[in-house]
Amino acid sequence: MFENYKTFSTELAGRPLVIETGKMGQLASGSCLVRYGETAVFVAATISQKPRDGIDFFPLSVDFEEKLYSVGKIPGSFTRREGRPTEKAILASRLIDRPIRPLFPKDMRNDVSVVCTVMSTDPDCSPEIAGMIGTSVALSISPIPWDGPISGVVVGYVDGEIVINPTAEQAARSKMHVTVASTADLVAMIEAGADQVSDQVMFDGIMAGHAENQKIVAFIQDIQKEIGKEKIPFVSNDPSEEMFEDVKAFAIDKVKYAMDTDDKRIRDERLAPVYEEVHAAFDEKYPEETAKLDDCMYKLQKFVVRRWLLDEGKRVDGRSIDEIRPLAAEVGLLPRTHGSGLFTRGQTQVLTIATLGSIRDSQILDGIDDEETKRYMHHYNFPSYSVGETRPSRGPGRREIGHGALAERALLPVIPSEEEFPYSFRLVSEVLSSNGSTSQGSVCGSTLALMDAGVPIKAPVAGISCGLVTEGDRFMTMVDIQGVEDFFGDMDFKVAGTKEGITAIQMDLKVHGLTPAIIKEALEKTHKARNYILDEVMLKCIPAPRDHLSKYAPKMLTLKIDPEKIREVIGSGGKVIQKICADCNCKIDVEDDGRVFVSAVDMNDCERAMQIVKTIAMDPEIGAIYKGRVTRLMNFGAFVEIAPGKEGLVHISKLDVKRTEKVEDVVQVGDEVIVKVVEIDDQGRLNLSRRDALIEVEGLTPENDLSEEPPRRPRPPRREGDRRDGNRPGFRRRQ
């Protein structure tokens, strides 16, 4: 039945990698099932028959679909179906998109769709890597024009050793998680998170991943030679050389004048009439291709920027190659938030707001990996006004989610542990103005906001980007690229880190890949630049985290109790813990291992709730003093509840520092009183003394010597419904 069914096998990092073709998804342009260990990902790539009209970009879409059946889970949604892609699925889609996109013809306008469906997940074998390799195979064997193949691996650093595709256990101990994608001879993509590793360790890891990729690229090339289809022709959308030369001769001086400014608004204002003049001059000559005149103007601006850089060493805004734009930093802008930081670099400006919450506020995850909650969240917003445009807000897109994840990854290594600082965090970076590298601006703004909030981060983090222009064997890198250098250059190499080392990297390319020399130079330049940003701007604004939290931030106390006591703290149906929260105006989170987190805006409320929890979870000790509530009055004394379910008797002789005739003269039901535990009898019953507590805590002096032995505790009153005779010892019911 499956005449074209074939399998191809190799090894990747000591685990079997099997590619199956010709059985599944035969109507797609190219498809395969990738088995890596027990991970299975089906990949299908399809191209439209005709180009899409009226667009000036290549329409590529990559979807990474996490199916919860792959890990034996039923979705937790109401419909029990997978909903919108998780954040990790979107990041995986971007991870695959970035290395494959530059290898498509830039002038092609046919829609290309790649869908990676995760069908089985082995925690030791990354489905993202299987999806990337499967995408490379599907595109390579399809008739879709594409200059691949590529391969990808994850590089870890475990116990001082570089590890390719670490297992789940190794990944938990790894100092870095670096995804490296490569073509046959160049590094095509880098995505990294690291715990302050050195430039050299990062470089060695990238090179190790690149070397491993060469083996898989050769493996895919063999598959392509055996079963690959001939690539189809496509209609180019590029303007003719004649049209470009006409526009160039007419407008190059005008474009140079318009581009030669450090102000994006002025540049846009100067370019607008040049576009009008070009159309007025050439619409009649090229009546069927007037839209391509705008493409000529784009190419002309690109030509000017690149020639300035390569031939004159000149940047659009007049800076030197390694000069950073003017910087500014400010904290504490918003009085009611827990922390805020404004970071400005040229015309790029990002305001980050930090919010602290209880552990209960951590994000709940429903994905295909073992992570169930996320304590640190970073969100990035990019409104249209930040680039001077007008469009409605429709929520975060994939770019916004990706930039937020990059900033989150950059700061995660310096966030204090839950034991050190038992809070959850949400940071929101609002891009107020954008002219290049807003993601790295959000890294800097977030560091400021965390320090302003009093979060004891391990070290401040700064981020900077490095650009690239290439021509044959020539290349030039420059730090802190602005928008036009990003648009018309070949690379946006973003690096974030502390003075000690790198915490995150994201590399976007418009060329096929980078040589080791370019990577090394980019790491060196970004290291020097981020140290400058830290020393000269950020640490001068706020040299260390504040030593106190905002008065509006929740205060937090923690306690470790015996897990066997958790049931008593929570109570039947949650009644006990709900009452504590209501009475003390606080939140309480209890973990299965016995950790208790109490949070409230007022520290007094925290302490009161914590005392109640301690009293419930830990047996009262003789001599301990508690604040309790009077629950019942008897003629011989008052019963005081020192914690839910824990009540003791204050004998009338122990109610006050002076002689008491009637219990009602001193206390009433509902009164809050301080009491001291003076005795715990052989049945575990508590005898309490308000008199001793007043003497010890408030320093009162007794009027008379009332230290004589109090009368023996009377029998508790009979409860309603008790039988009169049936409770008497030795009583025999009459037959």
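This is a predicted model: local features need pLDDT of at least 70, side-chain atom pairs count only at pLDDT 80 or more; totals for chains, interfaces and linings use all residues.
**Entry 1: the eight-stranded sheet**

I began with the sheet of eight strands. I read its order as S8-S7-S9-S10-S21-S20-S18-S19. The sheet is open, and its pairing is antiparallel. Next I looked for the edges. Strand S8 (161–164) and strand S19 (474–479) stand there. Each has a single partner strand, so one side of each is left without a neighbour in the sheet. From one strand to the next, the twist averages 20°.

Strand S18 (residues 462–471) and strand S20 (residues 491–497) are joined by seven bridges, in the antiparallel sense. Which residue of S20 is the bridge partner of Leu-468? I found Met-491.

I also noted a helix on this sheet. Helix H7 (residues 291–312) packs on the sheet and touches S18 and S19. The direction of H7 makes about 85° with that of S18.

**Entry 2: the five-stranded sheet**

I moved on to a sheet of five strands. Its order is S11-S12-S13-S17-S16. This sheet is open too, and its pairing is mixed. The edge strands are S11 (327–331) and S16 (376–381), and each pairs on one side only. Neighbouring strands are turned by 15° against each other on average, direction ignored.

I checked the pairing at S16. Strand S17 (residues 424–433) runs parallel to S16, and six bridges join the two. For Met-377, I looked up the bridge partner in S17 and found Arg-426.

**Entry 3: helix H11**

Where does helix H11 lie? I traced H11 over residues 516–541 and found that this helix lies across S11 and strand S12 (339–345). H11 runs at about 30° to S11.

I turned to strand S26 (residues 637–643). Is S26 mostly covered or mostly open? Mostly covered: six of its seven residues are buried.

I looked at the partners of S26 in turn. Strand S25 (residues 625–634) runs antiparallel to S26, with five bridges between them. Leu-633 has Ala-638 of S26 as its bridge partner. A hairpin of two linking residues takes the chain from S25 to S26.

Then I took strand S27 (residues 646–651). S27 is antiparallel to S26, and six bridges join them. Ala-638 turned up again here, with Val-650 of S27 as its bridge partner. S26 and S27 form a hairpin with two residues between them. In that turn, Gly-645 has a positive phi of about 85°.

**Entry 4: where H1 crosses H8**

Last, I looked at a pair of helices. I noted that two packed helices are described by the angle and the distance between their axes. The axes of helix H1 (residues 87–100) and helix H8 (residues 398–411) come within 10 Å and cross at roughly 100°. That makes H1 roughly perpendicular to H8.

Which residues make the contact? From H1, I listed Glu-87, Ile-90, Leu-91, Ser-93 and Arg-94. From H8, I listed Arg-398, Arg-399, Ile-401, Gly-402, His-403 and Ala-405. I sorted the contact of H1 with H8 by class: four nonpolar, three polar and four charged residues.

Definitions and conventions. Residues are numbered from 1 along each chain as its sequence is written. Side-chain values use heavy atoms; hydrogens and water are left out. Two strands pair if DSSP finds at least two bridges between them. Helices (H or I, at least four residues) and strands (E, at least two) are DSSP runs, numbered from the N terminus. Axes are lines fitted to C-alpha atoms, for helices over the stretch in contact, and angles run from 0 to 180 degrees between N-to-C directions. Contact means heavy atoms within 4.5 Å. Angles under 35 degrees count as roughly parallel, over 145 as roughly antiparallel, 65 to 115 as roughly perpendicular and the rest as oblique. Ala, Val, Leu, Ile, Met, Phe, Trp, Tyr, Cys and Pro count as nonpolar, Asp, Glu, Lys and Arg as charged, and the others, Gly among them, as polar. Buried means under 20% relative accessible area, exposed over 50%, partly exposed in between (1.4 Å probe, protein chains only).
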